[in-house]
Amino acid sequence: MNTMADRLKSLILVSLLFIGLSHAQLQPSIVESNSGKIAQFYQMEKLALPFDAVIKLATQVVRNRLDYDPNTLAKTYALLADIASIKGESSRAFQLASFGLTYKPIASEVKLDLKLNLASGYFYNSEYEALVEYIEEVVTLAERENNQEYTVIALAYRAMANAFLGAHDKSLEDLLAVEKVIESNEALFNYIELYEILARSQCYLGNSEVALSLYDKILDKRFEANKLVGIESTYAQLAQVYLKDAQLDDAYNAFWESKNYAIQFQLPIRVAYAELGLGKVMIKQQRYEKAFKSLVEAESLFKAQNLNTPYLDTLINLVVASQATGREQFSSSLLLQAEQIAQVTPAAPGLALLYQLLANYYEQNNQPQKAIGFLKQHIVTEKLAMSKKAVIGKQTAHPQREQQSKFQALKVVEINENKNKFSGEIYRQRQHVLMLTGLCLLLMLISVFQWLRFRSQKLNFAYDQNERPEHVLMKPVETKQLYHRVYKKARKYEFPLSVGYIEIKNWSDIVFKYNNKIVNEVAKTFATLINEYVGEFDYAGQINEGEYLLMFPHQSCDESKEKMEKLVEALKVRFFANLGEFSVNIGYSLDAPSVQDIDPYIFLSRLSET
């Protein structure tokens with residue numbers, strides 16, 4: 001089965017072929033459906049694209065390109081270029097973007113997208129002079145179309161290319177323009193792609209401290225805005241800065257985070273790059289066995305995707321790890337494989353090390369001519385790398401302008417960071433005000449509700465007191481509360497109060513012998529008789545099961561004695577048919593508290609005992 005990279009290659013070949021005159025036209029419904037799908041894919045986040053589905057659809061579109069409008073074809077190539085770029089194949093992305101630009105007329109947004117893919121190719125291939133020349137057209141087009149998103153990206157590319165070429169005045173001018181555009185458009189405050197271009201450029205220029213500061217701020221922005229798609233790439237770039245700066249522990253941690261997020265978002269290419277980074281770090285830490293395992297994993301992933309440049313880099317480091325762990329035969333086969341791939345991958349990283357390893361290998365195998373040849377290639381490659389560093393050092397040897405450029409790159413991020421913080425503070429203050437207002441309203445509503453509830457309960461209590469059914473007496477709690485209130489009032493206002501106590505002495509026997517229905521009927525009968533015999537201004541209620549309390553305010557014992565005796569007599573002579581021959585045994589007492597009876601419950605206790 002063809003790999004994704006193979007399918008991309010076949011698409012490029014198809015694009016180079018001419019379609020014959022005997023072209024069979026597709027049905028309009030199929031063309032319309034495929035065009036709609038391409039438009040949907042084009043609106044998606046780049047890293048969220050379903051790669052296989054996009055490439056399968058793109059294959060159909062490219063093979064029948066005479067049936068599609070130029071705009072759909074340009075979008076198709078833009079999607080393929082994005083996939084190639086995500087996979088780390090900048091040259092392939094450049095080629096696909098070039099194909100997309102051959103179609104006319106196309107929408108300005110799609111044209112800008114493709115042109116920025118080309119600019120990215122110039123940038124990552126270190127073709128800074130070509131980039132400066134080309135990007136002028138992109139900046140002009142973006143400004144004419146008033147597309148601020150593409151404008152700031154194009155300006156950032158031009159600023160960094162000028163910095164590489166030593167044109168710090170122009171670089172500073174572009175960075176100031178970037179700041180101006182962002183300040184006028186809040187939507188660009190969290191434009192992470194822009195900040196990553198600035199950070200990566202500072203890393204290439206050797207400004208590790210500035211690059212680290214920028215990456216820290218980018219990660220903060222990603223977490224604050226919850227933009228985690230692509231965070232594995234940010235961590236990988238950060239790890240490269242740490243690795244370049246020999247901060248190995250930090251580099252390891254950053255590569256590890258990159259790997260975890262790549263696994264989470266199911267990005268095997270990013271996992272491979274993270275494993276390669278971990279292998280490089282652990283080789284420097286002399287943890288060769290663990291480095292070997294990570295590099296084997298990276299080699300398998302890169303091989304499956306047919307990515308020559310990172311695959312060759314992985315093989316070179318895997319040779320080092322294999323030799324350090326005593327896997328001589330395996331390392332030799334890898335080394336010869338790397339030698340073959342290097343012939344078609346001239347710009348791969350680590351070639352100087354590869355040539356040195358090959359020189360040693362052929363020397364040990366008694367092939368001095370080959371050994372000398374690779375040693376010469378090693379020396380040439382080393383000198384070329386040193387000369388590039390010297391050129392960059394010479395080009396950036398304008399301390400004042402270089403410092404201003406660094407400062408401005410940081411300022412672009414920091415100003416927007418401050419604005420974000422300010423906007424966040426305003427937002428939080430608004431949220432606090434809304435929360436406090438809502439809380440006040442809630443407390444007011446609760447207060448009104450509680451007052452209405454209390455009022456309703458008070459009215460219901462009063463109603464119950466006045467409209468209580470004849471067979472219902474006050475419950476023990478209500479009786480005791482009322483007794484306490486009447487007792488205290490009698491003492492305060494010095495009016496007479498007589499208190500009666502009635503007890504069904506064998507109530508426990510009734511409860512034990514008879515069921516609940518009969519017991520309730522007996523209790524209702526007692527309540528009915530008590531309500532019948534007490535006066536309009538008298539009170540009666542239950543204080544326990546089988547015990548009743550009667551209160552006669554403004555009446556002495558002599559005045560209330562007659563009522564009490566009639567009530568007790570009526571209770572005694574009452575016939576309870578449902579009790580059969582069982583007779584109810586009733587006891588009672590009546591008394592009035594004296595001046596010395598301060599506590600109502602002590603008086604009641606004494607009354608119940610008598």
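Begin by selecting Tyr261, a buried residue with a relative accessible area of 14%; the cut-off for calling a residue buried is under 20%. The model on the screen is predicted.

**First stop: Tyr261 and helix H13**

Tyr261 belongs to helix H13, which covers residues 248-264 and has the highest mean pLDDT among the elements of the chain, 93. Show next the residues that Tyr261 contacts beyond four places in sequence: Phe223, Ile231, Glu232 and Tyr235. One of these, Ile231, is 30 residues away from Tyr261 in sequence, while the two C-alpha atoms are 7.2 Å apart in space.

**Second stop: the whole chain, coloured by confidence**

Of its 610 residues, 46% are buried. Contacts between residues at least 6 apart in sequence include 67% that join residues at least 24 apart.

Colour the chain by pLDDT. The mean is 80, and 83% of the residues reach 70 or more. At the other end of the scale from H13 is helix H1 (residues 4-16), with the lowest mean pLDDT among the elements, 54. Where pLDDT is low, the predicted coordinates should not be read in detail.

Select strands E1 to E4. These form an open sheet of 4 strands in the order E2-E3-E1-E4, with antiparallel pairing. Because E2 and E4 stand at the edges with a single partner strand each, one side of each has no neighbour in the sheet. From one strand to the next, the twist averages 20°.

The pairings may be inspected one at a time. E2 (residues 539-544) pairs with E3 over 5 bridges, and Gly541 has Leu549 of E3 as its bridge partner. These two strands form a hairpin with 2 residues between them, and Gly546 in the turn has a positive phi of about 80°. E1 (residues 497-504) pairs with E3 over 7 bridges, with Tyr501 opposite Leu549. E1 and E4 pair over 6 bridges, and here the bridge partner of Tyr501 is Ser589 in E4.

Which residues of E3 are buried on each side of the strand? On one side they are Glu547, Leu549, Met551 and Pro553, and on the other Tyr548, Leu550 and Phe552. In a regular strand the side chains alternate between the two faces of the sheet. Since 7 of the 7 residues of E3 (residues 547-553) are buried, this strand is largely enclosed by the rest of the structure.

At the start of H23, a side-chain oxygen of Asn515 comes within 3.2 Å of the backbone nitrogen of Lys517. Display the buried residues of H23: Ile518, Val519, Val522, Thr525, Phe526, Ala527, Leu529 and Ile530. An α-helix has 3.6 residues a turn, so residues three or four places apart point the same way. The buried residues of H23 pack against E1, helix H22 (507-513), E2, E3, H24 and strand E4 (586-591).

Then select helix H25 (residues 600-609), which lies across E1, E3 and E4 and runs at about 50° to E1.

**Last stop: Ser560 in helix H24**

Finish at Ser560, which is found in helix H24 (residues 557-573). Is Ser560 buried or exposed? Ser560 is buried, because its relative accessibility is 0%. A polar atom of the Ser560 side chain is 3.1 Å from the backbone oxygen of Ser556. Beyond four places in sequence, Ser560 touches Ser498, Phe552, Gln555 and Leu590.

Technical notes:
Residues numbered from 1 in each chain as written. Heavy atoms only, no water. Buried < 20%, exposed > 50% of the residue type's maximum accessible area, 1.4 Å probe, protein only. Polar contact = N/O pair within 3.5 Å; in protein donor to acceptor, adjacent residues only side chain to side chain. Contact = heavy atoms within 4.5 Å. Pairing = 2+ DSSP bridges. pLDDT = per-residue confidence, 0-100. Axes fitted to C-alpha atoms, helices over the stretch in contact; angles between N-to-C directions.
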